[in-house]
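Open your viewer and keep the selection tool at hand. We will go from a helix pair to a chain pair.

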Amino acid sequence: MLTILDYAGVAVFAATGALAASRQQLDPIGFLFFAAMTGIGGGTIRDLVLGQRPVFWVENPAYLLVCAGVAGLVFFTAHLFESRYRLLLWLDAIGLAAYCVMGAAKGYAASGSAVVAIVAGAMTATFGGILRDVLSEEPSVLMRPEIYVTAAMLGAAVFMLAITLAAPLWLAALAGAASAFALRGGALFYGWRIPSYRPRPGRAQEESLKKDK
Amino acid sequence: MLTILDYAGVAVFAATGALAASRQQLDPIGFLFFAAMTGIGGGTIRDLVLGQRPVFWVENPAYLLVCAGVAGLVFFTAHLFESRYRLLLWLDAIGLAAYCVMGAAKGYAASGSAVVAIVAGAMTATFGGILRDVLSEEPSVLMRPEIYVTAAMLGAAVFMLAITLAAPLWLAALAGAASAFALRGGALFYGWRIPSYRPRPGRAQEESLKKDK
Amino acid sequence: MLTILDYAGVAVFAATGALAASRQQLDPIGFLFFAAMTGIGGGTIRDLVLGQRPVFWVENPAYLLVCAGVAGLVFFTAHLFESRYRLLLWLDAIGLAAYCVMGAAKGYAASGSAVVAIVAGAMTATFGGILRDVLSEEPSVLMRPEIYVTAAMLGAAVFMLAITLAAPLWLAALAGAASAFALRGGALFYGWRIPSYRPRPGRAQEESLKKDK
């Protein structure tokens with residue numbers, strides 16, 4: 001079951017990378033490049049930081065073939081996919097939910113620390129998309145007021161909480177993935193936002209504006 | 001022979017990094033930074049992903065000295081080099097040809113997988129230039145409709161095909177490098193392009209435009 | 001003493017990351033993300049390249065908690081911090097001074113090479129800020145004509161010179177950190193600049209402009 005989820009996550013993230021390539025009107029190798037960066041980028045950085053060597057797709061190149069297959073599929077069908085952009089956002093939410101739990105499980109196994117596990121879960125679920133946005137020169141998902149990193153951290157945290165409470169692995173994984181999916185899904189469906197920082201001009205700031213200008 | 005090619009590749013890529021620094025009118029340390037990022041960046045990411053530790057230039061710091069020497073040379077001679085931009089593109093093509101084969105050889109030795117070897121070859125030959133473009137805030141080579149990543153993948157693939165067919169190492173390396181150089185050179189000389197994705201407006205997409213707007 | 005400096009460096013760099021998040025008006029998780037990237041990014045890349053595994057904050061997650069604490073603090077007090085931007089630049093200079101020496105010490109221990117040590121010192125002190133600038137889509141510190149990477153390299157070089165001259169560790173560390181701080185501080189206080197590359201139009205370049213246009 002986890003293995004199927006894993007490949008599905010790679011495939012869905014690879015599809016979002018290939019769609020970014022289609023928006024930039026790249027050639028097939030450009031599709032392949034962005035599919036691979038987005039599909040396996042987050043897990044690659046996780047494995048490097050945790051000291052897994054070599055990284056997962058060097059052990060098992062089937063992940064690369066999944067990315068290549070998705071890139072080819074999207075190259076010829078992107079005009080259809082684009083009409084299903086909302087469907088894709090929901091698939092992406094499924095990928096995020098699966099990945100934050102799997103990243104947390106790997107991080108906990110490697111370090112024994114719940115804090116590291118939560119960070120590893122958030123990294124696995126989000127760094128692929130960040131790489132995609134930086135390299136395709138599109139506005140980064142980090143800058144949009146979206147609940148994205150937050151959903152990944154929540155999922156990883158719920159998973160770790162359940163593990164700490166001695167829940168069986170399958171239940172902890174289910175609870176973590178469901179929490180992440182519910183938060184991300186609510187953000188997509190209802191437009192939920194987290195209050196963001198707003199500058200509050202005050203005496204001190206006005207003074208600094210005078211000095212710094 | 002391979003060692004000379006290796007240093008020549010580092011030097012040529014370092015020179016393209018230093019030229020990017022000259023376009024940004026940086027100071028000598030900026031030249032050094034971009035020369036090092038471009039010259040050794042691709043191989044560094046390759047070594048990290050393959051689990052080589054430490055990376056090649058920590059084992060053998062002479063690579064860093066080559067980058068430093070090239071950066072100093074370009075700082076005082078960039079006004080001459082710029083007039084030889086086309087020569088540099090051809091030197092860059094030689095570096096690409098050498099690097100995709102060497103990256104593939106390292107990737108195959110580390111993983112035993114031809115797919116991983118091709119990806120490692122393409123990464124080694126292209127990630128230095130990608131880092132250079134992202135950090136110097138210039139339009140990325142990824143976005144231009146150029147045959148670049150494609151040439152690196154072709155070279156690595158031809159090398160792996162020859163190895164699989166039990167060709168001697170020198171012949172496989174020569175065939176791979178020659179293929180990559182021929183494709184990249186043809187792109188430079190004749191302006192070859194790969195057909196890129198063009199949006200095809202159709203019924204489905206028009207509907208989605210209405211819904212998403 | 002070194003441990004206190006280490007945590008102080010992480011905290012100061014994390015604060016500059018959180019301030020970047022405040023300029024982008026992000027939510028609290030955005031503050032956390034940028035605080036962590038800036039606070040531990042440079043040391044993470046250093047550890048990966050030197051082959052330390054896992055990286056330092058996986059061994060000791062307290063560094064992550066420092067970043068989280070700083071992010072929370074800055075989220076509620078950024079309007080005060082902004083009025084103290086110059087104070088922060090000076091704290092950042094202290095962090096740079098401490099980090100270039102500690103990075104050089106780690107690099108020398110891992111490789112035995114002074115060149116690698118200097119590069120590792122410069123990486124540790126500067127890559128966190130570079131990641132912050134690239135991901136927050138702000139103009140990179142690399143592009144500004146500031147003495148920043150240069151100060152980090154000087155500090156690492158002075159430290160290595162003192163070690164080579166058989167100075168005791170504490171004296172070498174002090175000399176390195178003081179050199180870096182003096183150069184960076186002079187740049188902040190007096191506006192010191194290093195001569196940067198200026199294109200010199202000449203016969204050769206004019207010809208190339210004609211040809212390339």
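A crossing is left-handed if the near helix is turned anticlockwise from the far one by less than a right angle, and right-handed if clockwise. Helices are DSSP runs (H or I, at least four residues), numbered from the N terminus. The model is predicted: local features need pLDDT of at least 70, side-chain atom pairs count only at pLDDT 80 or more, and totals for chains, interfaces and linings use all residues. Residues are numbered from 1 along each chain as its sequence is written, with chains lettered from A and ligands numbered from 1 in the order in which they are written.

**Stop one: a helix pair.** Select residues 114-135 of chain B, helix 6, and residues 149-164 of chain B, helix 7. Their axes (lines fitted to C-alpha atoms over the stretch in contact) are 8 Å apart. The packing angle is about 140° (on a scale from 0 to 180 degrees between N-to-C directions). The crossing of helix 6 of chain B and helix 7 of chain B is right-handed.

**Stop two: the two chains.** Now show chain A with chain B.

**Stop three: the interface.** Chain A gives 28 residues to the contact and chain B gives 31 residues (C-beta atoms, placed from the backbone, within 7 Å). Select helix 4 (62-82) of chain A. Helix 4 of chain A gives the most to the side that touches chain B, with seven residues.

Methods:
Helix = DSSP H or I, 4+ residues; strand = E, 2+ residues; numbered from the N terminus. Contact = placed C-beta atoms within 7 Å.
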